[in-house]
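Work through the exercises below with the sequence and the 3D view at hand. Try each task before reading its solution.

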Amino acid sequence: MIAATIAATALRRVVRDRTGLFFMVVLPLLIIVLVGSSVREQDRVAVGVVDESGGVLAGELVDDLRRSDSIEVRTFDDRDDLRRALRRAELSAGVVIPASVEEEAATRTVTLLSPPASGTGIAAEQAVRAALARRATVMTAAAFAAEVVGGDPADHLATAAALADGTPPLTVRTTVGGESRTLPVGFTYSSSTMLVLFVFVNAVAGGATIVQTRQLGLYERMLAAPVTAGRIIAGETASYLLLALLQSLVIVGIGAALFQVSWGDPVAAAALVVVWAAVGAAAGMLAGTLARTPDQATSIGPMVGIAFGMLGGCMWPLEIVPPVMQAVGHLVPHGWAVDAWIELLSRDGGVGDIARPLAVLAGFAAAFGVAAALRLRRRLLV
């Protein structure tokens, strides 16, 4: 009962703190929107098109590009305008359809312009080649039908295109070492990683509460009453855990309601949220026992949390960094938490699939929690 009272008091103090609420709710929402929008925009590459032909085949080629899920088509009047847009980095690639495309098959070529050594340029080139390959397949099928049935290939283009549209596309999934490397995109990525980042950052910044309570002499007053050090520690632990769970639920709810984020298997997601909240709560208590002043907790704590988040893949996937940095990223709990969310959100994983990350995170929570409890007990009994 005493522990519950201590936890409720701490919660009321946080709810009345408008600055704390900003960092718990508003700032994570803003970061989720910014990161999610930038990642989502990368799913569609901007491609400029110059149609020098104006013919039927050129129009069909442009329509094929527009139908691509990965291409955003922007039309230009001439090549000079297209090249200027490329130099300004407004486009990832450019396509020039010459007048000769309406002539014999031997002269049907298009020009693809792409910035050198550009990752988006390579992606755009692949998307354009795929769209043009579809049109080439339709034309080949129409020519074959003309040879077999007779007539002009143009008479069979509509039938060939309809058959191509009705054929399911072949999906190629890349695996490395037998494991899919598919990553979350858009708001799915930003919501999960910002949950990992901000629950930890706000928890360690909240360590200032322990410092303030100690400086105000409230612990001494509690100990003067029939309250043991163990109950005080239990109350503080409960308050930090409840705050971490509350912020996690806010981020999960915002992600689901506003950005249609599917959080995967509900049992596995709930287990991960609870275990990560325990990591954050234990880290926050430990920060409160290590800091000498509230300013230290609110300034140094978030810096440490952000550094851990950068190492652990909250800002960028660990899959894109060298193996050494991947190993370093898993020296902090964030790397394991992000791995678990990727497993749930991109690979339809369940509790069994994230059992190892959960166990490692539970170990971090236990280590932080034991260290925090021992240090807080020592300060209470001095």
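Helix axes are lines fitted to C-alpha atoms over the stretch in contact, and angles run from 0 to 180 degrees between N-to-C directions. Helices are DSSP runs (H or I, at least four residues), numbered from the N terminus. The model is predicted: local features need pLDDT of at least 70, side-chain atom pairs count only at pLDDT 80 or more, and totals for chains, interfaces and linings use all residues. Residues are numbered from 1 along each chain, and side-chain values use heavy atoms, without hydrogens and water.

**Exercise 1.** Find how helix α11 and helix α14 run relative to each other.

*Solution.* Locate α11 at residues 266-290 and α14 at residues 333-346. Their axes come within 11 Å and cross at roughly 170°. Angles over 145 degrees count as roughly antiparallel, so α11 is roughly antiparallel to α14. Now look for contacts (heavy atoms within 4.5 Å). In α11, W276 is among the residues that meet α14, whose side includes W341.

**Exercise 2.** Decide whether S192 is buried or exposed.

*Solution.* Start in helix α7, residues 186-205, which holds S192. Buried means under 20% relative accessible area, exposed over 50%, partly exposed in between (1.4 Å probe, protein chains only). S192 has 3%, so it is buried. Leaving out residues up to four places away in sequence, S192 touches W263, W341 and L345.

**Exercise 3.** Work out how α8 and α12 are oriented to each other.

*Solution.* The axes of α8 (residues 208-215) and α12 come within 8 Å and cross at roughly 175°. The two helices are therefore roughly antiparallel. Their contact includes V211 of α8 and A297 of α12.

Note on methods: Angles under 35 degrees count as roughly parallel, over 145 as roughly antiparallel, 65 to 115 as roughly perpendicular and the rest as oblique.
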